[in-house]
Amino acid sequence: MTAPPTDAQPQKESMGIDPYERNWMRFSIVLLVVFLTAVTVAGFAMGFQVPGEEGRVDPATITEAGPFANPGVRQIAPSEFEVYVVSRTFNFDPAEIVVPQGATVTIYVTSQDVQHGFKITDTNVNMQVVPGQVSKLTYTFDRVGEFPYLCTEYCGIGHAAMFGTVKVVPPSEFEEAGA
Amino acid sequence: MDEPVTETPGADADGGEHFKPTGTLFVLAIFVATIILLWGSVYVILLSRGVTS
Amino acid sequence: MTISIERSTRELTDSEKRFVGWHMLVAIIALLVGSIFGPLQALQFSNVDLYQYLEPVIRSYYQGLTLHGVLNALVWTTFFIVGFTTLVVIKGLGRALTHPKVNWAGFWVMVVGLVMTAVPILLNQATVLYTFYPPLQASWAFYLGLTLVVVGSWISGVGFFLTFIAWRKDNPGVRSPFIAFAGVLNMAMWQIATLGVAVEILSMLLPWSLGLIEATDPQLARTYFWFTGHPLVYFWLLPAYISWYGMLPKQAGGKLFSDSLARLAFWLFLIVSIPVGFHHQFVDPGVPTGWKWIHATLTYSVFFPSMLTAFTVIASLEYAGRKRGGVGLLGWIRALPWKDPSVSAQLLAGILFMFGGIGGLTNASYNLNLIIHNTAWVPGHFHLTVATAVTLSFMGITYWLIPYITGKKLISPRLAQIQVWTWFVGMIIFSNAMHVLGLLGAPRRTPLGDAPYVPEEWNGHLLRTSIGGTILLVSVLIYGWIMYKTARGPKADPDDVPMIPVAESLRDPQLTPVWLDRFKPWLIAAGALIVLAYGPQLWDQITGIQLTSPGWTPW
């Protein structure tokens, strides 16, 4: 049983913050602001952006009409491409994306069934694929090589086998292939 | 026993030692160095992997 | 004249101890069963298939993973937390629960929910992992079961709120005892947080799985889920913080460095744990980048109370270490009672949590998330946080709590010490390997032993994952053994039974400003922040709802 504070002897309430801890609090805030600034500059000024809202589709009809009805790579300008990828259990269509070195590729991905992931190894392309929604990112492939794109969201029993490959070839090779 | 309430850092309620958490600062300095190192290296990886827009 | 809060000397009654004990029993069994799948998964990475021994019940890696996630991340945690909160409320306030029947009802509803969830999982009708993202569709019983577990925790929460309110009435002007205040705050935060998943299940998934609605909107479901999903981790973490702030200093022979900052940290968690969910959705297609950035900023602000915690807890430990004779810049660390497995567990949990926190800050950093989203880095991260900071701390707590409620001695502090250190070592190996695998691009939730795209470069790390997972298996088996033998041991001499450690603060809590001991303003602030951070997007997503996804069961 405790007695409430009496009026005769008022208690002085205070935070009682140790000066070291006060400085730590200030420093923490500064650190977080610095990091957040670095992230914001990279994101909104330098172009390291995350996917945003891109559009809605009906998963039941995507392969019948619209851009996803013909999945694959299309060239739209000398070094510009777009590719529409359909994800389904358990493959990506197309399973292969061939582009020349230096190509700027806009990638649109959606799903015919459940959620999937679309992540191109060694790049910053990483998207959640949600049926009914279109995921989009644009990326420039500066290096020659093979870059697998893996399904990164559990989608069922065959999830571990679900992947495709981006093949970035020297420009001459791309021309020859007549792609 | 009347004791004026002061802002003395870490003073015991019964008027004990004044405790300066210097060891804490040392540990936290290591923590901060680690944060900057690890977070920074992931930031660098982001920048090295190319722009997405 | 300084007012001192009368230290609560009331112990739990036998029936209260039994009540807490039932929660712990369910929690620990869940942990033991759920943890079997961890090593199975880790060994699968090295192409060692132990799943064959669990057939015909366990039919896939994914079914095992669902059990692992649900039992470890949802059942072990929730039951432990409700039991632990019961103890800190009773002990902290020095009084019985005002309506024990309410809390008992909460427990039973949780148990019924648990069974209702477990059955479809075991029947392979809910192999949807603990996030159950639609359009994967589980049996309706899975969704209803989870709802009941949450509702049960709400009921228990009400029991705690009523008890706290009664204490308030009887103690006007007195600062609420820290451990009880923090326990009640955590349940209040949980009450608000679970609204998201409750709406997701009740308005979308349950009718859908019952066939009342033909299709659902998976993006909206994700938004509802992660409304709850992030504060969920603080629901887990805060009880560990209650121990670190309010009990560990006592165990270490010291005091809480700052009562006012301890409370401030908890209030900050109440207001900023929830309006941050989009940081789990940074690469979602249906959420605008602006809102993602706003949630990133809010997530950074919820990192702040953890930075505060780091200082206050470490300073409390330094105080204890110096009191025990430690000298110099670091001698106080060695002087801490490492021989007490309850203490060492929590110290080691704190050490690994530093890395978990750094990883979390990385995940929250907007575009940095592009590197690690849905990669093995993510389970690497959360095994440092929920599986170490939280779980290892909880294990450490049981090393005094189980003896306390049973009246028996901990069967072997030496063995407990081995358990704690093997967890620590195993986790370092496992978690580090998973972080590296993530940076190399390995996806999460995937039996990588089966994946055709695994390059040579990953093999060493996959092996390390298997080794770490095996060491963790040994640790958890030792833990189970200790718990079993302790609970079944002989009644101990009352002098040998540990007390509930309740830390005093360096400064009289009565001096802590009253605005740090009033729920109403903070609850209002929490609500306002949620409305601001979620309102517009929820409005957009709900009014723009498109029910285009039927259910799938591709397992």
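**Exercise 1.** State the handedness of the crossing of H9(C) and H10(C), then describe how the two helices pack.

*Solution.* Step 1: H9(C) and H10(C) cross in the left-handed sense, meaning that the near helix is turned anticlockwise from the far one by less than a right angle. Helices (H or I, at least four residues) and strands (E, at least two) are DSSP runs, numbered from the N terminus. The model is predicted: local features need pLDDT of at least 70, side-chain atom pairs count only at pLDDT 80 or more, and totals for chains, interfaces and linings use all residues. Residues are numbered from 1 along each chain as its sequence is written, with chains lettered from A and ligands numbered from 1 in the order in which they are written.

Step 2: The axes of H9(C), residues 259-272, and H10(C), residues 289-323, come within 9 Å and cross at roughly 160 degrees. Axes are lines fitted to C-alpha atoms, for helices over the stretch in contact, with angles from 0 to 180 degrees between N-to-C directions.

Step 3: The angle therefore makes H9(C) roughly antiparallel to H10(C) (over 145 degrees).

Step 4: H9(C) contributes residues including Leu261(C), Leu268(C) and Phe269(C), and H10(C) residues including Leu298(C), Phe304(C) and Leu308(C). Contact requires C-beta atoms, placed from the backbone, within 7 Å.

Step 5: By class, this contact has 11 nonpolar, 3 polar and no charged residues. Ala, Val, Leu, Ile, Met, Phe, Trp, Tyr, Cys and Pro count as nonpolar, Asp, Glu, Lys and Arg as charged, and the others, Gly among them, as polar.

**Exercise 2.** Find which helix gives the most to the side of domain 1 of chain C that touches domain 3 of chain C.

*Solution.* Step 1: Chain C is assigned domain 1 (17-228), domain 2 (253-336 + 512-542) and domain 3 (337-498), with bounds from an automatic or database assignment.

Step 2: The centres of domains 1 and 3 of chain C, taken over C-alpha atoms, are 20 Å apart. Their contact takes 22 residues from domain 1 and 25 residues from domain 3.

Step 3: On the domain 1 side, H1(C) (14-44) and H2(C) (61-93) are the elements giving two or more residues. H1(C) gives the most, with 12 residues.

**Exercise 3.** Give the strand order of the open sheet of 5 strands in chain A and name its edge strands.

*Solution.* Step 1: The order is S4-S10-S9-S6-S7, with mixed pairing; strands pair if DSSP finds at least two bridges between them.

Step 2: S4(A) (96-100) and S7(A) (126-129) are the edges, each pairing on one side only.

Step 3: S4(A) runs parallel to S10(A), residues 163-169, joined by 5 bridges. Val98(A) stands opposite Lys167(A) in S10(A).

Definitions and conventions
Angles under 35 degrees count as roughly parallel, over 145 as roughly antiparallel, 65 to 115 as roughly perpendicular and the rest as oblique. Two residues are in contact if their C-beta atoms, placed from the backbone, lie within 7 Å.
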